[in-house]
Amino acid sequence: MMNISAKTSGSEAAGVEQTRQALLKAALHLFGAVGYDGASTRAIADAAGANIGSIAYHFGGKEGLYAVIVDREVTLMISTINSSMGGDNPREMLESAALAMLTYIETSTDGFRILVRDSPPGMVPGSFASSI
């Protein structure tokens, strides 16, 4: 005889993760398109096909969701650049890093928009601007 409660909780866990991923995808697009202030939690939830309360459940609110998006994009950008750093001379390394940055911009346009739009003006240590 099959344990139905174990099957249900496993499928519920998969559904919870699908909701989380859908929220991340929708938020990435909306934050990239209209910025943090322009993206409402209702619009994010609607685009994800999720309940508005799921944002608080998964991320603690809009700020937490945004922080996860920024963290993931910075990590992706840096890992893309670092993985390209081949070559024996500084010129090759610079060319590789520049090409990797352009590849990141092309493949993660919304993420790049988020990082650029919301970075502070000037060079502040530890900011996006100081990462490149």
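How many residues does helix 4 have, and how far does helix 4 reach from its first C-alpha to its last? I started my notebook with that one.

**Entry 1: ground rules.** I am working with a predicted model, where local features need pLDDT of at least 70, side-chain atom pairs count only at pLDDT 80 or more, and totals for chains, interfaces and linings use all residues. Residues are numbered from 1 along each chain as its sequence is written, and side-chain values use heavy atoms, with hydrogens and water left out.

**Entry 2: helix 4.** I found that helix 4 (residues 62-84) has 23 residues and spans 33 Å, close to the expected 33 Å. The expected span is 1.5 Å times one less than the number of residues. Next I looked up its buried residues (under 20% relative accessible area, with exposed over 50% and partly exposed in between; 1.4 Å probe, protein chains only). They are Lys62, Leu65, Tyr66, Ile69, Glu73, Met77, Thr80 and Ile81. A handy reminder: an α-helix has 3.6 residues a turn, so residues three or four places apart point the same way.

**Entry 3: the whole chain.** I see 7 helices and 0 strands; these are DSSP runs (helices H or I, at least four residues; strands E, at least two), numbered from the N terminus. Of the 132 residues, 29% are buried.

**Entry 4: confidence.** I checked pLDDT, the predictor's confidence in each residue, from 0 to 100. The chain averages 85, and 81% of the residues score at least 70.

**Entry 5: helices 5 and 6.** I looked at how helix 5 (residues 90-107) packs with helix 6 (residues 109-117): the angle is about 105° and the axes are 5 Å apart. Axes are lines fitted to C-alpha atoms, for helices over the stretch in contact, and angles run from 0 to 180 degrees between N-to-C directions. The two helices are therefore roughly perpendicular (65 to 115 degrees; under 35 is roughly parallel, over 145 roughly antiparallel, the rest oblique). From helix 5, Met101, Tyr104, Ile105, Glu106 and Thr107 meet Thr109, Gly111, Phe112 and Leu115 of helix 6.

**Entry 6: one histidine.** Is His58 buried or exposed? I noted that His58 lies in helix 3 (residues 53-59) and counts as buried because its relative accessibility is 19%. Leaving aside neighbours within four places in sequence, His58 touches Val16, Thr19, Arg20 and Leu23.

Conventions: Contact means heavy atoms within 4.5 Å.
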